[in-house]
Amino acid sequence: MVGSSEAVDLALRAVIDPGDEVLIPAPSYIAYEPITHLHGGKIVEVAATIEEQLKLTPQALQAAITPHLIFTS
């Protein structure tokens, strides 16, 4: 069966190079981290807090951006 995990895998495989950073909100879909590691990416976790109703804030996203960031979930 093909589903969302396979779609995430294909998307990351197409754009990620070893050492690239992938922004992942925490908590997030369980497959994001292992797929990122499988393709040599580095996880950049951004907390989505209860106080913000599990939504990422512009400030949190801005703080996580680096020159090596190529993909956000």
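A residue counts as partly exposed when its relative accessible area falls between the buried limit of under 20% and the exposed limit of over 50%. Arg 13, with a relative accessible area of 49%, is therefore partly exposed. The model described here is predicted. This briefing covers its charged side chains, its nonpolar cores and its aromatic pair.

**The salt bridge**

- The count of salt bridges comes to 1.
- Asp 9 and Arg 13 form a salt bridge, and their closest N and O atoms are 2.7 Å apart.
- Both Asp 9 and Arg 13 belong to helix H1, which covers residues 4–15. Along this helix they are 4 residues apart, or about one turn.
- Asp 9 has a relative accessibility of 14%, and because buried means under 20%, Asp 9 counts as buried.
- Arg 13, at 49%, is partly exposed.

**Asp 20, a buried charge without a salt bridge**

- Asp 20 is located in the loop between H1 and strand E1, the strand being residues 21–26.
- Asp 20 is buried but has no salt bridge. Lys 42 is the nearest side chain of opposite charge, at 9.1 Å.
- The Asp 20 side chain does reach a backbone atom: the nitrogen of Asp 17, at 2.8 Å.
- With neighbours within four places in sequence left aside, the contacts of Asp 20 are Val 15, Gly 40, Gly 41, Lys 42, His 68 and Ile 70.

**Nonpolar cores**

- The largest nonpolar core is made of 7 residues, namely Val 8, Leu 12, Ile 16, Val 22, Ile 24, Ala 31 and Ile 35.
- H1 and E1 are the elements that each give two or more residues to this core.
- Val 8, a member of the largest core, is in contact with Tyr 32 and Ile 35 when neighbours within four places in sequence are left aside.

**The aromatic pair**

- The structure has 1 aromatic pair.
- The pair consists of Tyr 29 and Tyr 32, whose ring centres are 5.5 Å apart. Their planes are at 70 degrees, so the pair is edge-to-face.
- Tyr 29 has a relative accessible area of 34% and is partly exposed.
- Tyr 32 is also one of the residues in contact with Val 8.

Methods:
Residues are numbered from 1 along each chain as its sequence is written. This is a predicted model: local features need pLDDT of at least 70, side-chain atom pairs count only at pLDDT 80 or more; totals for chains, interfaces and linings use all residues. Side-chain values use heavy atoms; hydrogens and water are left out. A salt bridge is a side-chain nitrogen of Lys or Arg within 4 Å of a carboxyl oxygen of Asp or Glu. Buried means under 20% relative accessible area, exposed over 50%, partly exposed in between (1.4 Å probe, protein chains only). Lys and Arg count as positive and Asp and Glu as negative; His and the chain ends are not counted. A polar contact is a pair of N or O atoms within 3.5 Å; within protein, one must be able to donate a hydrogen and the other to accept it, and residues adjacent in sequence count only if both atoms are side-chain atoms. Contact means heavy atoms within 4.5 Å. A nonpolar core is a set of buried Ala, Val, Leu, Ile, Met, Phe, Trp, Tyr and Cys residues joined through side-chain atoms within 4.5 Å. Rings of Phe, Tyr and Trp (its six-membered ring) pair if their centres lie within 6.5 Å; planes under 30 degrees apart count as stacked, over 60 as edge-to-face and the rest as tilted.
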